[in-house]
Amino acid sequence: GAELAFLTYFDRLPGWLSGFGIQANYTYIDSKQSLYSPVNGQWCTPSSGINSQLMHDLNGCDVNGRAIGGNLPLTGLSRNAYNVALLYDRGPISARLAYTWRSRYLQAVSAYGTNGNNGRDYNPASPTYGQAFAANFALPTWGGSYGQLDMGMQYKITDNLTLAFLGQNLTDAIYKQYMQQTIGMMQREGFSTGRRYVLQMRYAY
């Protein structure tokens, strides 16, 4: 992986403009699960035996008994992620307007709600071919790519008293979750947190 970061303030500008600044970073991670004893195969059926169970748990199996395949990344790691923020710091005023984004990432191979034993076996070489409840499936679950715009402003009234205003998810972005099948990514859920605004007053002594 690699990470690039940048931060600067335009302090050579005249007057109040000298308080502006920009902060940005970008992260790239190319990860892959490398198993000590790889589990290979085109089908997870018939659903008996240690090999089919390992494929179910490590590689993922579709609802038709077909193996989804290996080469999965490490859980929780996005390949691409970046943050960009417009800053302002001058005198008693401090403000941030920041956008954060990450690409999709693997959450789990066999997660609750995306696995079961009621798949139909379509392996032509299987003795249970065509039968329902003959394929144990486990669909890898992914968090979708997601970006969110946040802001924060604070005004230092005195050395002890600060007034702050915060805004989260200003673009009302929706976070989506997907499950992986051999035909591609299928949306599983969507989560809408809405916009959130907070007004704070802090006193330190």
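Why is the disulfide of Cys44 and Cys61 left-handed? Keep that in mind as you start the tour. The model on screen is predicted.

**Stop 1: the disulfide**

Select Cys44 and Cys61. A disulfide joins these two residues, with an S to S distance of 2.0 Å. A disulfide is a covalent bond between the sulfur atoms of two cysteines. Now look along the S-S bond of Cys44 and Cys61. The torsion about that bond is about -90°, so the disulfide is left-handed.

Next, colour the chain around the pair. Cys44 lies in the loop between strand E2 (20–28) and helix H1 (50–59). Cys61 lies in the loop between H1 and strand E3 (80–90). The two cysteines are 17 residues apart, and the pair links distant parts of the chain.

The disulfide count comes to 1.

**Stop 2: the sheet**

Move on to the strands. Show the open sheet of 4 strands, ordered E5-E8-E11-E12. The pairing is antiparallel. Which strands stand at the edges? Select strand E5 (105–108) and strand E12 (184–192): each has a single partner strand, so one side of each is left without a neighbour in the sheet. Turn the view to follow the twist, which averages 35° from one strand to the next.

**Stop 3**

Zoom in on E5 and strand E8 (residues 141–143). They run antiparallel, and 3 bridges join them. Finish by selecting Ala108. Opposite Ala108 stands Thr141 in E8.

Note on methods. Residues numbered from 1 in each chain as written. Predicted model: local features only at pLDDT ≥ 70, side-chain atom pairs only at ≥ 80, totals over all residues. Heavy atoms only, no water. Disulfide = S-S within 2.5 Å. Pairing = 2+ DSSP bridges. Axes fitted to C-alpha atoms, helices over the stretch in contact; angles between N-to-C directions.
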